[in-house]
Amino acid sequence: MTPQRAEVDTEPFFLGSGADQRFCLFHRPAGTCRGAVLYVPPFAEELNRTRRMAALGARRLAAHGYGVLQIDLLGTGDSAGDFADARWDAWKQDLDLGAAWLRARIDAPLTLWGLRLGALLALDYARTAGNTSYRLAPLLLWQPVASGATYLTQFLRLRTAGAMLGDDAAAQTGTKALRAALQAGETLEIAGYDLSPELARAIDALPAPDAMMPPAPAHWFEVLGAPGQAPGPAAARVKAAWESQGTPLHLHTVTGSPFWATTAVSTCPALLDATARVVGERAHVV
């Protein structure tokens with residue numbers, strides 16, 4: 001169901017100050033407030049490629065009555081710090097900061113909305129938030145990565161690809177060598193981002209999503225290249241693992257382009273529509 005057109009106010013602001021300053025965008029809910037949403041962004045260049053989709057998604061959720069907070073995590077976007085300063089636990093602390101800000105203004109369950117590696121960050125954070133006073137609504141997971149280790153390998157391959165093209169003649173070749181450099185404490189420049197050993201180790205050590213069951217149900221969305229395709233094996237495996245422990249996982253597939261991977265900014269209207277249908281039906285009812 002598409003809501004009637006409504007004006008959605010967006011407020012940019014900074015949380016904290018100095019080294020703790022985080023840039024945020026708050027999308028005020030249109031009409032009666034139905035809940036709070038905290039957006040958990042993707043990693044490195046995927047964050048820039050998906051800004052348009054994140055903005056469109058936030059506006060759609062706000063039009064359905066949800067207050068949506070987008071936060072640039074430590075060392076990313078317009079927040080304080082460089083990417084080399086980024087740490088997984090610090091990012092979780094940033095999410096806690098954003099969740100507390102929302103809770104102070106909206107007395108409603110919190111929906112974590114994560115994209116790509118941000119989906120794993122949302123799941124990891126949910127396991128902590130579920131042990132606090134936060135009330136969690138079902139999560140919204142857009143195209144979650146299969147595992148932290150697999151994703152890190154793919155990210156490191158950007159360095160080896162550059163070396164093979166002659167863009168960095170001194171670069172080490174092979175992800176095994178790059179992992180060894182990280183383990184030795186070396187910060188690596190990967191596609192313009194300085195990856196610290198601490199952040200790399202945290203991503204590499206993340207459990208697979210099937211072992212990261214949140215204390216609330218979730219909606220898992222996958223963008224596929226052709227209509228009628230089934231979700232990937234990772235999604236099916238996660239669904240089976242979670243539901244065997246009593247946590248529902250709803251799988252949704254849409255047809256579109258991989259907007260997180262395209263060089264030019266692209267969108268996936270079908271994903272926006274599918275997400276709007278979920279929240280329109282009240283996402284915390286399963």
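Which residues line the largest cavity? The lining is made up of Pro-41, Pro-42, Phe-43, Leu-47, Leu-73, Thr-76, Trp-88, Trp-91, Leu-117, Gly-118 and Leu-121. This is a predicted model, in which local features need pLDDT of at least 70 and side-chain atom pairs count only at pLDDT 80 or more, while totals for chains, interfaces and linings use all residues. Residues are numbered from 1 along each chain as its sequence is written, and side-chain values use heavy atoms, with hydrogens and water left out.

The structure holds three cavities of 30 Å³ or more; a cavity is a set of points on a 1 Å grid over the protein atoms alone where a 1.4 Å probe fits but cannot get out, and lining residues have an atom within 4 Å of a point. The largest cavity contains about 70 Å³ of space, a volume being the space filled by probe spheres set on the points, which are joined across faces, edges and corners.

Helix 3 (88–103) and helix 4 (117–129) each give at least two residues to this lining, and helix 4 has the largest share, with three. Helices here are DSSP runs of H or I with at least four residues, numbered from the N terminus. The lining has nine nonpolar residues, two polar and no charged ones, where Ala, Val, Leu, Ile, Met, Phe, Trp, Tyr, Cys and Pro count as nonpolar, Asp, Glu, Lys and Arg as charged, and the others, Gly among them, as polar.

In helix 6 (residues 175–183), Thr-175, Leu-178, Arg-179, Ala-181 and Leu-182 are buried. These residues lie on the same side of helix 6 because they cover an arc of only 155° around the axis, taken from the directions from the helix axis to the C-beta atoms. Lys-176 and Gln-183, on the other side of helix 6, are exposed. Buried means under 20% relative accessible area and exposed over 50%, with a 1.4 Å probe and protein chains only. Just after helix 6, Gly-185 takes a positive phi of about 95°.

Key: On a 1 Å grid over the protein atoms alone, a cavity is a set of points where a 1.4 Å probe fits but cannot get out, and a pocket is an open set with protein on both sides within 12 Å along at least five of seven lines; lining residues have an atom within 4 Å of a point.
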